[in-house]
Amino acid sequence: MNTLDKLQSGQVYLMDDPEFAAEQAKCLEKQYDYNMTRPSESDKRAALLKEMFAEVGEGCYIEPPLHANWAGRFVHLGKSVYANFNLTLVDDTRIDIGDHTMLGPNVTIATAGHPVDPELRERVAQFNLPVRIGRNCWLGAGVIVLPGVTIGDNSVIGAGSVVTKDIPANVVAVGSPCRVVRPIGEHDREYYHKDKKSDYDAL
């Protein structure tokens with residue numbers, strides 16, 4: 001098994017393979033190009049995203065700057081995914097993000113971990129676990145999603161939360177560590193924020 005295979009295996013490996021570093025550098029060159037695009041170069045941004053990412057659905061947009069270990073090489077985006085400034089993807093293995101999901105500024109999605117054992121860490125050992133974020137989710141500003149986590153469809157993760165365990169579908173979850181506080185229900189359809197009522201006819 002070569003190093004690139006080990007990235008996807010969930011096994012511990014050592015990050016000292018020169019071929020691995022050279023392959024990663026090629027990806028980061030494209031990420032640099034993406035981050036240096038002008039606001040008017042939307043077509044160029046869209047083309048680079050499709051080169052960089054494993055899969056990009058229609059209508060996706062990521063505000064530069066984007067920071068990713070592999071420039072999105074193992075990231076699969078559904079349709080109409082939006083990410084605000086400073087998205088950080090520790091994308092050493094697969095990340096799936098479903099249709100219509102929104103990511104606030106400074107969101108971090110991490111697949112990589114390092115052993116707690118100090119001897120292994122001194123040898124620069126690492127392991128990677130995939131992250132899955134469902135359809136139509138909203139991750140607020142500064143959310144951190146840790147390796148191996150799944151977030152269910154339609155769920156909202158409050159700003160600043162650290163998601164250490166799976167979150168089910170159709171809930172609001174907040175905190176560090178992130179916990180479910182309530183289901184999404186009829187109240188959310190009637191009120192978009194506190195006592196502010198939604199007017200669907202006006203939209």
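**Figure 1. Overall view of the predicted model.** The protein exposes about 11200 Å², of which carbon and sulfur atoms supply 52%. Its fold comprises 5 helices and 22 strands. The radius of gyration is 18 Å, close to the 17 Å that the globule rule gives for 203 residues, so the protein is as compact as a globular protein of that length. Along the principal axes, the C-alpha atoms fill a box of roughly 60 × 45 × 20 Å. Of the 203 residues, 39% count as buried. Among contacts with a separation of 6 or more, 28% join residues 24 or more positions apart.

Figure 2. Strand 15 (residues 144-145) pairs with strand 18 in the parallel sense over 2 bridges. In one of these strands, strand 18, Val163 is the bridge partner of Val145.

**Figure 3. Close-up of the surroundings of Thr101.** Thr101 is located in the loop between strand 8 (95-97) and strand 9 (102-103). With a relative accessibility of 0%, Thr101 counts as buried, because buried means under 20% relative accessible area. Beyond its neighbours within four places in sequence, Thr101 contacts Ser80, Val81 and Tyr82, as well as Ile133, Gly134, Arg135, Asn136 and Cys137. To one of these residues, Gly134, the side chain of Thr101 reaches at the backbone oxygen, at 2.7 Å. The C-alpha atoms of Thr101 and Asp153 are 9.0 Å apart in space, although the two residues are 52 residues apart in sequence.

**Figure 4. Close-up of the salt bridge between Glu51 and Lys30.** The two side chains meet at 3.6 Å, N to O. Glu51 belongs to helix 3 (residues 42-52) and Lys30 to helix 2 (residues 18-35), so the pair ties together parts that are 21 residues apart in sequence. Glu51 is partly exposed, at 47% relative accessible area, and Lys30 is likewise partly exposed, at 34%.

Figure 5. The side chains of Arg94 and Asp96 meet at 2.7 Å, N to O. Arg94 is partly exposed at 35%, whereas Asp96 counts as buried at 18%. Arg182 and Asp188 form a salt bridge at 2.9 Å, N to O; Arg182 is partly exposed at 34%, as is Asp188 at 23%. Glu23, Lys26 and Arg73 are linked in a network of salt bridges.

Methods. Residues numbered from 1 in each chain as written. Predicted model: local features only at pLDDT ≥ 70, side-chain atom pairs only at ≥ 80, totals over all residues. Heavy atoms only, no water. Pairing = 2+ DSSP bridges. Helix = DSSP H or I, 4+ residues; strand = E, 2+ residues; numbered from the N terminus. Buried < 20%, exposed > 50% of the residue type's maximum accessible area, 1.4 Å probe, protein only. Contact = heavy atoms within 4.5 Å. Polar contact = N/O pair within 3.5 Å; in protein donor to acceptor, adjacent residues only side chain to side chain. Rg over C-alpha atoms; globule rule 2.2 N^0.38 Å. Areas by Shrake-Rupley, 256 points an atom, 1.4 Å probe, with all protein chains shown as cover. Salt bridge = Lys/Arg side-chain N within 4 Å of Asp/Glu carboxyl O.
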